[in-house]
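Me: I have a model open and would like to learn how to read it. Please take one feature at a time, the general idea before the case.

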Amino acid sequence: MNAIAKKIPIGKIAVHLILLLGAVSMLLPFIWMLATSFKPPEEVITWPPTFIPKHPTIENYIEAFQAAPFHRFFLNSLIVSSISTISILLTSSLSGFIFAKYRFRGKNLIFLLILATSMVPFQSYMIPFYLMVNRLGWINTYQGLALPLLVMSFGIFFMRQNIITIPDELLEAARIDGCSDLKIYYSIILPLSKPALAALAIFSFKNAWADFIWPLLVANDINLYTMELGLGMFQHRFTVDYGSITAGSVISILPIITVYAIFRRHIIEGITLSGLKG
Amino acid sequence: MQAIKLRNPGEKRYNPRVRTLIFCWVSLLPVIFLFGVLRVYPMFSTIRLSFYNWNLIKPVRPFVGLANYVGIFKDHLFLMAIRNTTFFALGTVLIGIVLSLALAVLLNKSSLLSSFYQVIYFLPVITPMVPVSVIFKWIYDPGYGLLNYFLSFFGVQPVGWLMYPNLALISIIVMCIWKNLGFNMVMLLVGLKNISRQYYEAAEIDGTNKWQAFRYITLPLLRPILMYVFITSTIDAFNIFTPVYVMTTGSQGAPGNAVRTLVYNIYEDGFRYFKMGYASSQAVVLLLIVLTLTLIQLKLFRDEDAGSAIQ
């Protein structure tokens with residue numbers, strides 16, 4: 001008895017120690033980034049490195065904002081991600097509704113074709129995409145930046161799976177009351193799929209925000225850099241000045257961390273349900 | 001669809017069935033159009049381009065048949081990119097899954113702080129790749145980086161982690177494992193939670209030990225989700241680009257030092273040397289790799305479904 005009683009807490013403590021060690025290694029890079037961003041230049045390159053700045057300063061942040069228009073990058077990311085999110089919500093909910101609740105010739109084929117496009121990664125067709133945007137004259141424009149992000153086949157699948165659970169009786173009752181199909185969409189389907197729409201909104205917004213390779217190709221004008229591209233370019237220019245580079249990184253992830261802090265449970269659940277990472 | 005039989009008294013001019021059909025197509029057509037233009041057209045266009053000597057800055061773009069494909073398989077940079085990308089994919093996926101599975105099993109035992117840990121382990125997952133790469137570039141810094149500082153306690157001399165292509169590749173693998181650990185862990189945790197306790201209780205009565213229970217109950221029942229995580233992670237890994245660009249290229253993109261991955265090579269050939277046709281043939285290779293992985297996944301899922309249907 002005694003041996004068993006002793007054994008259990010030791011096992012539990014070991015489990016928690018490992019998990020804690022993992023958690024620390026997850027957080028350490030962020031803490032290190034935050035610490036560096038508040039250090040004066042001499043302290044950034046002192047040995048041994050310090051975790052709590054001895055002479056904290058916001059100089060790096062001022063310098064980062066002077067060297068690169070981070071407010072502009074933020075605005076650009078906000079615009080592109082918002083266009084993408086609105087378009088994805090609209091197209092996914094409407095076609096998800098149709099795929100879930102109607103029956104007509106060719107429907108399943110179209111649905112399968114749309115799903116099949118999700119298997120092909122953007123990187124494999126970015127060259128013709130670039131040439132297309134180039135022909136349209138949309139290099140260095142918001143519409144050019146947002147164009148590949150306007151639809152998401154996963155979003156359609158996700159909305160269809162959610163709308164399919166809305167009872168048919170509800171829609172029939174509305175039809176008897178004289179509702180048109182469009183009215184059923186915006187007065188029944190949309191309100192009832194709010195949680196799914198919220199999950200999809202967070203997911204697609206984050207997806208658009210984190211995009212790097214497409215802005216790299218299509219935005220050459222610093223005024224159209226998104227946050228990710230701006231930070232990527234900024235750190236290339238200031239390869240040695242880690243004070244302002246880390247300050248720039250903190251600025252760039254602050255909006256995301258804030259959203260995560262508020263919606264963390266929804267985000268984790270949403271992403272696991274969908275089985276997709278950003 | 002029974003509602004269609006019931007006529008709306010105010011609407012007599014059109015058959016409701018026709019109205020519904022019109023609604024469906026009018027709503028779907030813009031979506032179909034967008035998918036056609038933004039997905040299907042560029043996909044086929046890639047394949048078409050790969051048969052041309054298509055240079056952005058040259059007006060003459062002759063059809064060259066399979067010459068680009070013959071070319072890339074003689075191109076040592078492309079072959080190096082394939083080798084590096086495969087090594088990267090195997091490294092991140094295999095080590096990543098073993099680690100995340102171990103963590104998920106541990107987390108499954110401690111229900112008390114489970115959600116607290118999940119929130120922390122998920123932090124790198126939601127952080128975009130560019131800032132993560134920037135932080136790790138600083139951690140890997142040969143002079144003042146955190147990693148060399150920690151290793152100095154064990155008497156290890158400072159190492160230039162990102163200076164040599166092979167070492168840089170391993171450093172990026174470690175970073176990507178760190179970034180995706182939380183995602184894989186939470187996915188596997190969902191799978192673990194779905195396994196009924198009854199199996200373990202029955203096994204305990206039969207006198208199995210913990211390892212046997214893991215080997216003969218947990219692993220087989222976790223197989224579908226394990227396969228899912230495995231294939232999606234591999235597909236993601238084959239598309240690796242951002243960390244390579246941020247961490248190992250200079251502002252002028254000094255090509256000699258870069259960790260050459262497939263997408264990086266496509267980017268360089270296509271957008272630095274403007275050899276769009278040549279880069280497209282590499283993109284087709286990427287497409288084939290990803291498609292093969294997806295088909296394996298679909299087949300495994302189908303087998304899995306068939307298996308559960310029989311039971």
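Me: Which residues is Ser50(B) in contact with, leaving aside its neighbours within four places in sequence?

Reply: Contact means heavy atoms within 4.5 Å. By that rule Ser50(B) meets Gly65(B), Asn68(B), Tyr69(B), Gly277(B), Ser280(B), Ser281(B) and Val284(B), leaving aside its neighbours within four places in sequence. This is a predicted model, in which local features need pLDDT of at least 70 and side-chain atom pairs count only at pLDDT 80 or more, while totals for chains, interfaces and linings use all residues. Residues are numbered from 1 along each chain as its sequence is written, chains are lettered from A and ligands numbered from 1 in the order in which they are written, and side-chain values use heavy atoms, with hydrogens and water left out.

Me: Where in chain B does Ser50(B) lie?

Reply: Helices are DSSP runs (H or I, at least four residues), as are strands (E, at least two), numbered from the N terminus. Ser50(B) is in the loop that joins helix H1 (16-49) to helix H2 (67-72) of chain B.

Me: Is Ser50(B) buried or exposed?

Reply: Buried means under 20% relative accessible area, exposed over 50%, and partly exposed in between (1.4 Å probe, protein chains only). Ser50(B) counts as buried because its relative accessibility is 0%. A polar atom of its side chain lies 2.6 Å from the backbone oxygen of Ile47(B).

Me: What do chain A and chain B bury between them?

Reply: Buried area is the accessible area (1.4 Å probe) that two parts lose on being put together, summed over both. Here chain A and chain B bury about 9,000 Å², with 79% of it on carbon and sulfur atoms. The contact takes 98 residues from chain A and 97 residues from chain B.

Me: How many salt bridges does the rule find across the interface of chain A and chain B?

Reply: A salt bridge is a side-chain nitrogen of Lys or Arg within 4 Å of a carboxyl oxygen of Asp or Glu. Across this interface the rule finds zero.

Me: How many helices and strands are there in chain A?

Reply: Chain A has 14 helices and zero strands. Of its 278 residues, 53% count as buried.

Methods
Polar contact = N/O pair within 3.5 Å; in protein donor to acceptor, adjacent residues only side chain to side chain.
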